[in-house]
There are 2 protein chains.
Amino acid sequence: MSKKTDLILTNAIVLTMDKLLNQYDPGAVVIKDDTIIDAGFSIDIENKYTAKTIFDCKGRVLMPGLINTHTHIPMTLLRGLADDLRLEVWLLGYIMPVEREYVSKEFVKLGTKIGCAELIRTGITCFNDMYYFEEVVAKTTAEIGLRAICSQTVLKFPTPDAHSYEESIELTRGLIERYKNHPLIIPAVAPHAAYTCPPEILKACTDLAVENDIPLHIHISETAEEVENMRKQEGMPVVPYVKKQGLFKAKTIAAHCVHIDEGEMHTLEHSGVGVAHNPSSNLKLASGLAPVKRMLELGLNVGIGTDGTASNNDLDFFEEIRLATFLAKGTSGDPTAVPAVKTLEMATRIGAEALHIGNITGSIEKGKRADLITIDLSTLHNSPHFRHNINGIYSQIVYASKSTDVNDVMVNGKWLMNDKAIPGLDEEDLIKQSQEYAKEIDIFIQKREKSVISKLIAIGGTTEEESFEVQAKVSIKNPIPIIEKIESGELEIIRTRHYHEYDIYFNFAEEEDGNLRFREDHFIEEDGTVSHVRSRLTLIGPSREHQYPQKDVLLSRSRYLAPAGQSLRFYKEYFKPTGEIEIEKDRMRYLVNYEGEKFFINIDELIKPKLGYFLEIKARTWSQIDAEEKSDLIINLIEYLGVSAEEKITKDYLEIVGR
Amino acid sequence: MSKKTDLILTNAIVLTMDKLLNQYDPGAVVIKDDTIIDAGFSIDIENKYTAKTIFDCKGRVLMPGLINTHTHIPMTLLRGLADDLRLEVWLLGYIMPVEREYVSKEFVKLGTKIGCAELIRTGITCFNDMYYFEEVVAKTTAEIGLRAICSQTVLKFPTPDAHSYEESIELTRGLIERYKNHPLIIPAVAPHAAYTCPPEILKACTDLAVENDIPLHIHISETAEEVENMRKQEGMPVVPYVKKQGLFKAKTIAAHCVHIDEGEMHTLEHSGVGVAHNPSSNLKLASGLAPVKRMLELGLNVGIGTDGTASNNDLDFFEEIRLATFLAKGTSGDPTAVPAVKTLEMATRIGAEALHIGNITGSIEKGKRADLITIDLSTLHNSPHFRHNINGIYSQIVYASKSTDVNDVMVNGKWLMNDKAIPGLDEEDLIKQSQEYAKEIDIFIQKREKSVISKLIAIGGTTEEESFEVQAKVSIKNPIPIIEKIESGELEIIRTRHYHEYDIYFNFAEEEDGNLRFREDHFIEEDGTVSHVRSRLTLIGPSREHQYPQKDVLLSRSRYLAPAGQSLRFYKEYFKPTGEIEIEKDRMRYLVNYEGEKFFINIDELIKPKLGYFLEIKARTWSQIDAEEKSDLIINLIEYLGVSAEEKITKDYLEIVGR
């Protein structure tokens with residue numbers, strides 16, 4: 001007697017993508033509620049079951065939905081914002097300014113909707129996201145009906161959704177609380193990368209992930225520069241560094257892994273880390289070529305990702321799959337490397353395993369959720385097809401078919417797309433809304449294009465990302481006792497420098513342009529001679545980040561720096577300032593260790609204009625708590641140096657000299 | 001007063017792709033007969049002209065049609081025949097046997113139709129083809145209405161359409177005669193490659209091209225092996241070699257140019273050679289990564305090609321364009337390399353220049369043919385779009401849009417596709433017909449899969465491509481006078497070898513499997529000791545190519561060779577022969593120069609079975625005329641050695657010993 005069930009999908013070429021790569025043609029899949037309960041040849045299934053609904057797949061391929069293992073889905077709204085640029089120009093000149101200005105809950109909601117529509121059309125049933133306001137991503141995705149790992153970004157800079165990393169951790173806790181047992185959404189935490197997250201942040205994220213048994217999503221070794229810097233700073237590449245921080249105690253998903261060596265691959269494998277390979281992003285940003293062939297040989301779970309649409313510039317997963325196999329062949333010189341069937345496993349079952357959700361999705365197997373797609377291979381660009389080889393069908397999907405061949409998409413037993421129609425989303429309206437954003441951003445950028453920062457970037461790029469510092473300044477009568485105190489041996493002096501500094505500040509009509517400083521640093525040796533001269537351009541923004549009123553300590557963004565290879569005359573002609581202010585000073589600069597933290601102490605004599613001596617203390621910071629602690633230490637250090645901290649000045653010299 | 005014309009296409013984003021990259025939005029293009037007579041902003045054009053027909057582009061992009069600079073269009077019928085294989089296995093094991101069996105005029109006609117339908121759908125208005133029966137390609141393409149350079153293949157092996165290169169040259173002459181002044185078809189000659197065309201063939205092709213002022217289309221430096229072999233044989237890489245042969249006197253189009261150095265790039269540039277870059281083919285076959293960024297910097301005209309569908313496995317030109325820019329960035333480490341706009345120039349104007357037809361197509365300019373496409377950028381995967389940068393539109397087309405966004409295609413002033421419909425082709429029927437071929441080929445391959453050749457390939461690949469040799473054999477009584485004659489000093493001896501050869505011939509039930517020979521060559525030194533042993537497998541096909549009856553000289557295909565790294569026992573178990581024949585012989589082998597040609601002279605003593613002495617003379621050949629000339633020389637050489645050539649034997653030793 002036949003069993004009763006909800007739904008049978010039949011008359012399909014069923015590619016289970018299970019470990020044995022079982023195929024049934026013509027085949028059928030049996031679904032009850034949200035779960036696959038059987039699969040086999042149509043004739044057997046139809047004898048065994050009766051169903052409320054029989055769905056005729058009309059000879060199409062029926063296979064598990066595709067798994068996008070790394071993306072930033074709301075960035076779909078920034079598709080094509082800026083292209084063909086160096087990473088820092090793209091990031092500092094375009095993405096970050098626009099994100100700061102526009103990324104809100106509303107932005108994230110719309111971006112997620114457009115992104116999800118594109119994901120559905122390319123046959124993706126599950127994606128691993130990383131962005132800001134991740135709870136909005138989760139809510140929107142759940143409403144649309146896709147499966148997702150939603151990872152809340154945490155990093156040391158203020159973000160569109162948090163002033164400090166502590167706030168981001170709190171956002172993640174909220175996300176976990178509300179989505180812990182959701183049928184579609186898996187909450188996760190995303191420390192952005194080792195270079196943007198100090199050990200404290202990595203630890204806080206790991207603890208949160210382990211405590212709640214959720215995935216941890218991070219960028220690892222995307223660029224050669226990232227690895228080089230890590231080697232310089234920590235004497236090791238990125239994988240051993242984050243392992244040392246305990247990161248791999250969490251169920252880790254490592255995006256990119258472009259620049260990793262054999263030992264690091266072993267470490268990732270032993271630690272059960274899933275890898276997200278992003279072929280088109282790595283190519284377009286010229287990040288490098290990931291050792292995918294070798295990672296697979298070592299048994300690593302390597303899935304495929306689109307990365308964000310702002311860098312890529314689409315979510316076409318068929319393109320990513322094809323590129324994954326093409327690149328593995330092209331870079332290894334071996335045309336048999338990573339064959340079509342293996343790539344399709346990466347895009348399905350292995351991808352799900354990389355995300356640590358191989359138990360619920362990624363293949364057509366009894367007990368897994370019904371996350372399924374059909375692909376129409378009857379089109380001209382798929383013709384003819386050969387069937388003399390069991391792997392021919394995988395070849396056809398990977399090398400010839402297109403995302404526009406995806407016909408139907410089901411997630412968790414529910415249809416999201418049928419015959420290329422997505423009833424749950426008004427795509428016309430989404431396109432219209434997205435275009436309204438784009439128009440606003442176009443105006444914002446066009447205005448900015450006329451700005452100093454853009455011109456600065458245009459002539460050679462900035463060399464330093466934004467960072468934050470706390471600082472305080474006190475006018476002093478006599479520097480000698482302070483210098484004696486510093487050099488007394490009580491303080492650990494890490495470095496001493498003596499400069500003669502000649503600054504020209506360019507003023508501009510628009511206050512938001514801030515000021516551009518052209519500085520010549522003359523390095524003074526002990527015998528008073530000048531050993532060398534360094535010229536730099538620094539753009540000082542118009543706004544202060546925060547001022548701690550009770551302490552008169554200023555929290556400021558550090559500025560964009562660029563080496564000044566041209567003459568002062570060039571910069572005057574190029575930037576056309578409306579005015580100039582000249583400041584000349586003598587600076588003794590100490591880098592000291594005080595109470596376990598690093599501080600810069602400047603003893604400045606303002607020569608032009610003649611304003612006398614100043615004591616200035618500065619420290620880099622990366623979180624609100626850290627900033628407050630360092631502010632206290634700065635006050636203490638001023639007083640330790642025998643100076644009254646009561647009349648601190650929170651202004652820059654430029655502000656003291658006046659416009 | 002406004003001028004009268006045939007057709008105005010208006011309300012479009014007109015991307016002219018001319019050298020100044022003029023854009024008109026909203027813009028219009030004016031067409032009279034087959035020619036573009038004007039382009040500009042819609043408002044200006046509509047004031048200036050009246051037309052029989054006004055075509056509303058509805059805000060779509062209107063740009064020149066795309067130029068596919070290298071393909072083998074009839075091979076679309078072999079799409080996905082075999083993938084993820086080493087080149088020689090793919091070529092010898094699959095493509096060549098199937099081509100030998102199936103490629104006919106009818107095959108080429110159907111393959112061209114399917115290929116053209118796919119080309120139109122991906123926005124290509126002109127392609128540069130290279131295949132057999134090229135006149136059928138020309139006729140079919142002209143009927144469909146696409147523009148094409150049709151290059152007839154010439155090489156040293158017999159092909160599906162010619163027994164010798166002389167026949168191929170004759171076919172090309174016919175093609176030229178019938179298509180010399182055709183409005184759509186440009187006839188061309190295609191010496192396949194330097195490694196498949198001896199100097200005589202290269203010269204014959206160049207002369208033909210120069211004499212008729214037609215393009216010459218050739219594969220150059222596709223693989224590292226090709227270049228390595230050329231260096232070994234000729235002491236130089238491929239570009240200087242073919243230049244030395246005078247090739248560049250013709251209007252040359254060089255496909256691939258993957259492995260070329262800086263000097264070769266300069267040579268190509270100075271010689272006005274156009275380059276066809278085939279990114280996905282180069283990746284999929286792991287041929288290597290072409291130095292596209294550098295070639296463009298040096299001012300070379302580098303176009304983009306799909307290569308044949310059998311290797312690639314589609315004609316999606318949007319994929320090729322995207323890959324061209326991705327690869328240039330990814331391999332140079334420079335994300336600003338080959339930006340979107342440059343790639344789109346490669347795909348249009350520069351591509352046409354690479355094909356030496358920049359005067360008639362490739363951009364929207366007055367006087368050029370009306371080869372145009374529209375692209376619909378209003379879809380979800382194209383949303384939003386930013387317009388703050390004039391290059392944003394190129395970015396959008398290259399990085400986000402898909403071939404399925406192509407809406408209309410016009411060639412030579414005639415619409416081939418409107419609103420994605422191609423009235424001139426019954427695509428349903430083409431799909432059906434192609435599937436009938438595929439089914440037949442599936443059966444052919446499945447039968448072959450059980451064959452010895454496939455099994456031979458499966459265990460390690462063959463190491464030698466097919467070649468042809470002429471040979472004759474005479475039974476002799478006494479070898480001494482012959483050896484004395486050879487060694488008398490009159491003949492130039494290039495090399496002498498002394499072998500003791502132990503052969504095991506495997507027989508198989510199916511005659512078409514031929515025989516598989518396991519040979520141990522013992523190299524005998526002058527003192528009679530064995531210096532080393534070499535083991536090889538040789539598959540000897542069942543068929544003879546040709547026998548010259550008047551001379552009893554056999555023209556035979558040389559055999560597939562593979563090094564035999566395994567034991568005889570392994571091969572017996574693996575191939576399961578139905579019987580075995582053992583032959584043991586002593587062989588003195590001379591490579592001599594006789595009348596300016598190279599010949600192998602074997603003095604064989606058959607030891608097992610005891611059959612006495614034989615004189616055997618062999619020579620490699622590559623054309624019918626050459627074979628006939630060498631047959632005459634073989635007869636002369638036998639008689640020169642003092643042996644009567646009257647009782648020549650045209651059988652292999654295996655045939656003499658008998659099955």
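Predicted model: local features only at pLDDT ≥ 70, side-chain atom pairs only at ≥ 80, totals over all residues.
Is F523(B) buried or exposed? F523(B) counts as buried, because its relative accessibility is 7% and the limit for that class is under 20%.

## Interface of chain B and chain A

On the side of chain B, 63 residues are in contact with 63 residues of chain A. The area buried between the two chains is about 5500 Å², and carbon and sulfur atoms give 60% of that area. Three residues, L380(B), F386(B) and H388(B), supply 15% of the area that chain B buries against chain A, more than any other three residues.

## Polar and charged contacts

Eight salt bridges are counted between chain B and chain A. A salt bridge joins the side chains of D84(B) and K329(A), with 2.7 Å from N to O. Polar contact across the interface of chain B and chain A is found for 26 residue pairs, with both residues at pLDDT 80 or more.

Several helices of chain B give two or more residues to the side that touches chain A, among them α2 (87-102), α3 (105-121), α12 (317-332) and α16 (427-449). With nine residues, α16(B) gives the most to this side of chain B. By residue class, the side of chain B that touches chain A holds 26 nonpolar, 21 polar and 16 charged residues.

## Aromatic pairs

Over all chains, the whole structure has 20 aromatic pairs. For Y499(B) and F523(B), the ring centres are 5.0 Å apart and the planes stand at 80 degrees, so this pair is edge-to-face. The pair links distant parts of the chain: Y499(B) lies in strand β18 (residues 492-507) of chain B and F523(B) in strand β19 (residues 515-524), 24 residues apart. Y499(B) counts as buried at 5% relative accessibility, and F523(B) counts as buried at 7%.

F614(B) and Y653(B) also form an edge-to-face pair, with 5.4 Å centre to centre and 75 degrees between the planes. This pair too links distant parts of the chain, 39 residues apart: F614(B) belongs to strand β26 (residues 612-621) of chain B, and Y653(B) to helix α21 (residues 653-657) of chain B. F614(B) is buried, with a relative accessible area of 5%. Y653(B) is buried, with a relative accessible area of 5%.

In chain A, ring pairs link Y594(A), F599(A) and Y640(A) into a cluster.

Terms used: Residues numbered from 1 in each chain as written. Chains lettered and ligands numbered in written order. Heavy atoms only, no water. Contact = heavy atoms within 4.5 Å. Buried area = accessible area lost by both parts, 1.4 Å probe. Salt bridge = Lys/Arg side-chain N within 4 Å of Asp/Glu carboxyl O. Polar contact = N/O pair within 3.5 Å; in protein donor to acceptor, adjacent residues only side chain to side chain. Helix = DSSP H or I, 4+ residues; strand = E, 2+ residues; numbered from the N terminus. Nonpolar A, V, L, I, M, F, W, Y, C, P; charged D, E, K, R; others polar. Phe/Tyr/Trp six-rings, centres within 6.5 Å; stacked < 30°, edge-to-face > 60°. Buried < 20%, exposed > 50% of the residue type's maximum accessible area, 1.4 Å probe, protein only.
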